[in-house]
Amino acid sequence: MKIVAYSAKPYDKQVLCREFHHQWETLYLEVPLDLNTIAYAKDAEVISAFVNDRLDAKVLTLLAEGGTKLIALRCAGFNHVDLEAAKSLGIKVVRVPAYSPYAVAEHTVALMLGLNRKLYRAYNRVREGNFSLNGMLGFDMYGKTVGIVGAGKIGRLVGQMLQAFGCEILIYDPYTCEACKDLGIKQVELAELFTQSDIISLHCPLTPETNHLINLQTIEQMKNGVMLINTGRGALMDTMALIEGLKSKKIGYLGMDVYEKEGALFFEDHSCEIIQDDAFERLLTFPNVLITGHQAYFTEEALTHIAQTTTANIHEYINNPETTSCLENEVTCETH
């Protein structure tokens, strides 16, 4: 059986080779899957794709014509996959629903602390011999109210970690979270979370209902100087609304590991190029914005688990090709 793994950087290939070696004929490609690279997928029964690969109806149709039967996603999100088109074409779609929630949760807290205590600015100042504390004032995390959108494993972990700081945790999810009760985390409506929280962190899936969840109207409901953190999906936030919120000082801190138009930027080196995304470049001009390049998941443990789960998914397809999950019946939220 032939497998083509797209968006497979050297670190991806290293861990995938451990699992795939001697099992299947595998072609590893660093380039993303799109109309320009789809020719590599010809005669491949299985395609392994990542978060920014193109999997719309047009691409899926061409994949089906080339013999593809399974899309093995190496990520949890599947908002970039046209599931209806995949179903009609007879292509199964599987994913890695939870690879390392600890990695993402820890990175989320790191963004909060880095923004609060200006660690990125302190690093640059000290290297230049500047030990002035002007402009470096932070705040105690203790006693602050943190609102978490999404009561899945990652959201709950973030809540637990911040409880250790002495924060009051509010959480919103459209489903009742019994685990939150056991953890002493108060589940509230979204409007209350927006108005009461000093820090808001997003850990929900990207759906039509959550697209641009953070917009001009919802930002207006928040406290002045609110800290916003997004390690979920980029399109949960309206970039232009963020810029307006930062300019008006309604948003006091912004931490992002994802960006709604990251497909053209992230996972590649653009240091010698002129970046054409003016909105992204505008975000970088604010001194109270900290952006990382979709690296929250990026730990040895997470990569290993992604490879192992992807391998298990492919074996499940081989052993039970007619019953492999197609995702369209899955609840569009994190596993509770």
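What follows is a set of questions and answers on strands, helices and aromatic rings.

This is a predicted model, in which local features need pLDDT of at least 70 and side-chain atom pairs count only at pLDDT 80 or more, while totals for chains, interfaces and linings use all residues. Residues are numbered from 1 along each chain as its sequence is written, and side-chain values use heavy atoms, with hydrogens and water left out.

Q: What makes strand β11 largely enclosed by the rest of the structure?
A: A residue is called buried when its relative accessible area is under 20%, exposed when over 50% and partly exposed in between (1.4 Å probe, protein chains only). Six of the six residues of β11, residues 251-256, are buried, and therefore the strand is largely enclosed. Strands here are DSSP runs of E with at least two residues, helices are runs of H or I with at least four, and both are numbered from the N terminus.

Q: How do you know that β10 and β11 are paired strands?
A: Two strands pair if DSSP finds at least two bridges between them. Five bridges join β10 (residues 226-230) to β11, and the two run parallel; Val-226 stands opposite Ile-251 in β11. On the β12 side (residues 289-291), three bridges join β11 to that strand, again in parallel, with Met-256 opposite Ile-291.

Q: Why is the unit of β10, helix α10 and β11 called right-handed?
A: A crossover is right-handed if, with the strands pointing away from the viewer, the path from the first strand over the helix to the second runs clockwise. The unit formed by β10, α10 (residues 239-247) and β11 is a right-handed β-α-β unit, and β11, α11 (residues 278-284) and β12 make a right-handed one as well.

Q: Why is the pair of Phe-50 and Tyr-297 called tilted?
A: Rings of Phe, Tyr and Trp (its six-membered ring) pair if their centres lie within 6.5 Å, and planes under 30 degrees apart count as stacked, over 60 as edge-to-face and the rest as tilted. By this rule there are eight aromatic pairs. The rings of Phe-50 and Tyr-297 have centres 5.8 Å apart and planes at 55°, so the pair is tilted.

Q: What makes the pair of Phe-139 and Tyr-253 edge-to-face?
A: Their planes stand at 70°, with 5.7 Å centre to centre, and this pair is edge-to-face. Phe-139 is buried, and so is Tyr-253.
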